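Dear colleague,

Please look through the sequence and the coordinates before you read on.

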Amino acid sequence: MGAATDAPTTSASSTTTLSPSIIKKILLSYTYVAIWIFLSFTVIVFNKYILDQKLYNWPYPISLTLIHMGFCSSIAALLVRVFHVVDLPTSMSPRLYLSSVVPIGALYSLSLWLSNSAYIYLSVSFIQMLKALMPVAVYSIGVLFRKDSFKSSTMGNMLAISFGVAIAAYGEAKFDTWGVLLQLGAVAFEATRLVLIQILLTSKGISLNPITSLYYVAPCCFVFLLIPWITVELPILKENSTFHFDYFIFGTNSFCAFALNLAVFLLVGKTSALTMNVAGVVKDWLLIAFSWSVIKDTVTPVNLFGYGLAFLGVAYYNHSKLKALREKEAAERKDEEGDDEESGRLLDQREGDVITRRNESEG
């Protein structure tokens with residue numbers, strides 16, 4: 001009797017105890033999330049520090065983005081051409097580069113330029129609130145390019161997010177129209193870039209990790225940014241003879257920007273894009289708290305209420321995407337099981353026919 005009663009307890013404890021491999025996988029996932037949040041947090045605050053006229057006072061967003069792209073181009077070329085860390089896709093032809101990568105590079109340069117410019121006019125906390133509109137922009141542009149199907153429930157969700165951001169904007173203590181337009185433009189260009197990646201690259205079977213993405217896209221961005229830099233910021237920099245290039249500040253800032261791209265690769269490659277979205281929500285709340293407590297930006301109750309509504313809308317949208325993904329995987333698994341059962345029946349039937357013919361020939 002004693003042995004009989006001990007067996008269920010042993011089996012139950014073995015099912016509830018996590019194996020070392022699962023614990024290691026969980027710890028690694030949390031480590032990737034922590035690294036990405038830290039680097040993303042660092043790059044945003046670092047850029048704000050450099051561009052803000054009350055801090056480092058170097059309000060040249062095109063120049064800063066140009067330095068980032070030059071640094072990333074150089075490091076990516078070393079990793080690909082010298083150290084051979086990753087292999088380049090064999091299907092990337094000059095024609096495909098011009099038709100697919102160049103438009104993506106142009107949109108990326110515009111997105112970075114405008115988003116960095118917004119830090120001159122807006123607080124870090126308010127910019128994070130405006131970035132909550134990213135799912136709205138991606139879904140709307142996806143429907144426009146027929147990559148997503150229009151659903152009234154999803155559009156209602158998007159309108160709820162937009163309403164929350166509008167309330168947050170209404171409660172912003174230091175509202176700047178030009179800064180808001182810059183950040184909204186950055187969101188629009190970035191959303192278009194993400195949709196075009198699906199249309200121009202993913203649909204053609206081309207998959208780029210962040211190193212190969214930077215190898216192809218960063219030089220293209222550098223060239224696009226040279227045009228506005230020469231006409232807009234270079235003349236001002238020539239007049240400002242008191243400025244001396246700080247290699248430590250800009251070198252560290254550029255290295256953090258490059259490391260952030262690698263962290264994105266680790267996070268999405270080892271977990272999922274949805275994990276990155278959830279981690280992004282945590283990062284935004286941390287940035288809002290940091291902006292209020294350390295940088296001393298004003299965060300009003302109306303700000304928080306509006307962003308809270310937008311946050312709930314984004315959380316529901318991520319939940320809906322996860323649910324749809326699980327249903328799709330379950331349906332595919334069911335189809336595979338059905339195919340396996342059909343194959344098994346055919347195999348059994350074939351073996352039965354062979355045995356029958358053998359018996360007949362022996363008889």
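I begin with the cysteines: the sulfur of Cys 72 is 9.5 Å from the closest cysteine sulfur, which belongs to Cys 221, and this is too far for a bond, a disulfide being defined as a pair of cysteine sulfur atoms within 2.5 Å. A search of the whole structure accordingly lists 0 disulfides. Cys 72 is buried, with a relative accessible area of 1%, and Cys 256, at 12% relative accessibility, also counts as buried; here buried means under 20% relative accessible area, exposed means over 50%, and partly exposed lies in between, with a 1.4 Å probe and protein chains only.

Please bear in mind that this is a predicted model, in which local features need pLDDT of at least 70 and side-chain atom pairs count only at pLDDT 80 or more, while totals for chains, interfaces and linings use all residues. Residues are numbered from 1 along each chain as its sequence is written, and side-chain values use heavy atoms, with hydrogens and water left out.

As for the overall make-up, the protein chain has 12 helices and 0 strands, where helices (H or I, at least four residues) and strands (E, at least two) are DSSP runs numbered from the N terminus. Of the 363 residues in the protein chain, 40% are buried. Among contacts between residues at least 6 apart in sequence, 83% join residues at least 24 apart, a contact meaning heavy atoms within 4.5 Å.

Helix H4 (residues 94-121) and helix H8 (residues 177-201) pack at an angle of about 160°, with their axes 8 Å apart; the axes are lines fitted to C-alpha atoms over the stretch in contact, and angles run from 0 to 180 degrees between N-to-C directions. H4 and H8 are therefore roughly antiparallel to each other, a label used for angles over 145 degrees, with under 35 counted as roughly parallel, 65 to 115 as roughly perpendicular and the rest as oblique. By class, the contact of H4 with H8 has 16 nonpolar, 9 polar and 2 charged residues.

Tyr 121, which is found in helix H4, is partly exposed, with a relative accessible area of 37%. Leaving aside residues up to four places away in sequence, Tyr 121 touches Asp 176, Trp 178, Gly 179 and Leu 182. Tyr 121 and Gln 183 are 62 residues apart in sequence, and their C-alpha atoms are 9.9 Å apart in space.

Methods
Nonpolar A, V, L, I, M, F, W, Y, C, P; charged D, E, K, R; others polar.
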